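I opened my notebook and looked up a few things in this structure. Here is what I wrote down, entry by entry.

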Amino acid sequence: MYYVFLVIFGVLGALLRYSIGLMIQTDFPLATLLINVAGCFLLAFLTQFLNGIPNFPKKLVSAIGTGFVGSFTTFSTFALESAELLNLSDYIGAASYILTSLIGGLLACVLGYRSSEILLATGKGN
């Protein structure tokens with residue numbers, strides 16, 4: 001059953017990424033940047049939050065994280081787009097893309113963890 005969930009979540013994540021890519025088309029790789037930063041938030045939030053729910057199946061948490069978020073985000077596209085900016089001699093664009101992705105992704109993870117902790121604490125207090 002784990003593999004069925006993994007495939008379902010994987011398809012959903014890939015479809016969402018593809019749809020966002022179609023909606024946001026600019027010279028700067030904004031769609032990938034937003035997707036990867038959102039994915040960092042989602043992975044941290046979902047992993048922390050779902051693992052904090054008693055008796056929530058750990059394999060389902062893994063299927064959501066690996067399947068949905070794993071297929072939603074894309075490191076290879078980030079690397080390719082960074083290389084393309086460098087090949088176009090757009091060094092400022094490449095540097096801003098790389099730094100924003102790294103720092104934004106890290107901050108999004110921290111925000112995801114903190115958000116889930118607050119939500120779990122609020123739920124336990126009731």
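**Charges**

I looked up the charges to begin with: the mean positions of the 5 positive and 5 negative charges of the protein chain lie 26 Å apart. I counted Lys and Arg as positive and Asp and Glu as negative, leaving out His and the chain ends. I placed each charge at NZ of Lys, CZ of Arg, CG of Asp or CD of Glu.

**Ground rules**

I am working with a predicted model, where local features need pLDDT of at least 70, side-chain atom pairs count only at pLDDT 80 or more, and totals for chains, interfaces and linings use all residues. Residues are numbered from 1 along each chain as its sequence is written, and side-chain values use heavy atoms, without hydrogens and water.

**Overall layout**

I found five helices and zero strands in the protein chain (DSSP runs: H or I of at least four residues for helices, E of at least two for strands, numbered from the N terminus). The C-alpha atoms fill a box of roughly 55 × 30 × 20 Å along the principal axes. Of the 126 residues, 31% count as buried, meaning under 20% relative accessible area with a 1.4 Å probe, protein chains only.

**A helix pair**

How do helix H2 and helix H3 pack? I noted that H2 (residues 30-51) and H3 (residues 58-72) pack at an angle of about 175°, with their axes 10 Å apart. H2 is therefore roughly antiparallel to H3 (angles over 145 degrees count as such; axes are lines fitted to C-alpha atoms over the stretch in contact, and angles run from 0 to 180 degrees between N-to-C directions). The contact (heavy atoms within 4.5 Å) involves residues including Leu-42 and Leu-46 of H2 and Ile-64 and Phe-68 of H3.

Note on methods
Buried < 20%, exposed > 50% of the residue type's maximum accessible area, 1.4 Å probe, protein only. Parallel < 35°, antiparallel > 145°, perpendicular 65-115°, else oblique.
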